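Work through the exercises below with the model open. Try each task before reading its solution.

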Amino acid sequence: MKLQRRNVRGLRALTVGAAAVSTALLLTACGSDDNTPQGGEDATKAAGNIKCGGEGKLLASGSSAQKNAMDLWIKNYMAACPDVQINYNPIGSGGGITQFNQGTTAFAGSDSALKEDEVEASKKICKSGQGINLPMVGGPVAISYNLSGVDELVLDAPTIAKIFDSKIKKWDDAAIKKLNPDAELPSTDIQAFHRSDESGTTQNLGKYLGEAAPDDWKYEDEKSWPAKGGQSASGSSGVAAQVKQVEGAIGYFELSYATSNNLNSVKIDTGAAEPVEATSDNASKAIAAAKVVGEGDDLALELDYATKAESAYPIILVTYEIACDKGNKADSLEAMKSFLTYTASEDGQKILSEEGYAPVPAEIASKVREIIPTLS
């Protein structure tokens, strides 16, 4: 399996500071003051198992792909632990890592593991340690579209690559017709949307295209969108909103955004017997083959984006919560450990599938649960 290629381009300098974090959205369910745990009766019972720790504000930022999972977790946690106020700002993986390495947040969410230069930068904040990757959320990256009269669509990696590289520009292109012989495809222009911010979701899509369609996607897998052309929007929510509004649009984002916006998502022809639908179960089948490639307490994973296993959805991501192994902020350490203990718990992972996410494999989740109490 091809190892993750090194991105030698440093993160774009961000001017987002502590003031931006402090004004981050306080995540309650749709802004409601109702503190009833979400996720049904199981979640209500699970809230009773949460062991609270610390008090005050817990600031974090990063991956927008995990925002909907964070919404749910924070709602449930704060219902059980009202002394902790959690602010998670879904500014994108790149922004989250930068803010973490600037020392303005307790932890970051990222859809790709820290690179070597990011680990080095983290040592300035983690005075006696470094940033580590804790896998917390899995899920499929949906390729969703808005095309009147076409409720089902199959694409393969080479065709997706050409669409997002502006090589295929019409919905009735021969390559799309070949994959969808029974569909009435219009000659509508394709409006391909990508992320404008630095995004781990972008990087995971790039990894998939680079491994599954190497002849058609020649770009490095980076957080910044690499191809020319197309249109951009900020965050997963921004891309999903554009796809929903624009006829002929196509875009990529974590599955829960497709579900909440009632968007159709393509099935992927991986070479398996049948095209694979973007579901949490199908993503779990692909994520289950992940291998830990991090060292020590770092649990960075290597995913098989070119899988042809039956019913394994290949465009997947794993969101990491990034924290210091040693040298975490003393005023938020106990609250962070308490919250992450809940998110990594069986209760916290169980409710993910209800939101279209995939729990991380049990063996890996078990390792995460062993590491969190040792954070200092």
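**Exercise 1. Find what joins Cys126 to Cys324, and state where the two residues lie.**

Step 1. A disulfide joins Cys126 to Cys324, with an S to S distance of 1.9 Å; a disulfide here is a pair of cysteine sulfur atoms within 2.5 Å.

Step 2. The torsion about the S-S bond is -70°, and the link of Cys126 and Cys324 is left-handed.

Step 3. Cys126 lies in the loop between α5 (116-122) and β4, and Cys324 lies in strand β13, so the pair ties together parts that are 198 residues apart in sequence. Helices (H or I, at least four residues) and strands (E, at least two) are DSSP runs, numbered from the N terminus.

Step 4. Both Cys126 and Cys324 are buried. Buried means under 20% relative accessible area, exposed over 50%, and partly exposed in between (1.4 Å probe, protein chains only).

A note on the source: this is a predicted model, in which local features need pLDDT of at least 70 and side-chain atom pairs count only at pLDDT 80 or more, while totals for chains, interfaces and linings use all residues. Residues are numbered from 1 along each chain as its sequence is written, and side-chain values use heavy atoms, with hydrogens and water left out.

**Exercise 2. How many disulfides does a search of the whole structure find, and what is the pairing of the bonded cysteines?**

Step 1. The search finds two disulfides.

Step 2. Besides the link already described, Cys52 and Cys81 form a disulfide, their sulfur atoms 1.9 Å apart.

Step 3. Cys52 lies in the loop between α2 (40-47) and β1 (56-62), and Cys81 in the loop between α3 (67-80) and β2 (84-89), so this pair ties together parts that are 29 residues apart in sequence.

Step 4. The torsion about the S-S bond of Cys52 and Cys81 is about -85°, so this disulfide is left-handed.

Step 5. Cys52 is partly exposed, at 44% relative accessible area, whereas Cys81 counts as buried at 3%.

Step 6. With the bonded cysteines of the protein chain numbered in sequence order, the pairing is 1-2, 3-4.

**Exercise 3. Describe the surroundings of β4 and name the strands that pair with β4.**

Step 1. In β4, 16 of the 16 residues are buried, so the strand is largely enclosed by the rest of the structure.

Step 2. β4 pairs with β13 in the antiparallel sense over nine bridges; two strands pair if DSSP finds at least two bridges between them. Asn133 stands opposite Ile322 in β13.

Step 3. With strand β8 (residues 249-254), β4 pairs in the antiparallel sense over six bridges. Here Ser144 stands opposite Gly251.

Step 4. With strand β9 (residues 264-265), β4 pairs in the antiparallel sense over two bridges. Tyr145 stands opposite Asn264 in β9.

**Exercise 4. Which residues of helix α11 are buried, and what do they pack against?**

Step 1. In α11 (residues 280-287), the buried residues are Ser280, Asn282, Ala283, Ala286 and Ile287.

Step 2. These residues cover an arc of only 160° around the axis, which puts them on the same side of α11. The arc is that of the directions from the helix axis to the C-beta atoms.

Step 3. The buried residues of α11 pack against β4 (131-146), α10 (255-260) and β13 (316-324), where contact means heavy atoms within 4.5 Å.
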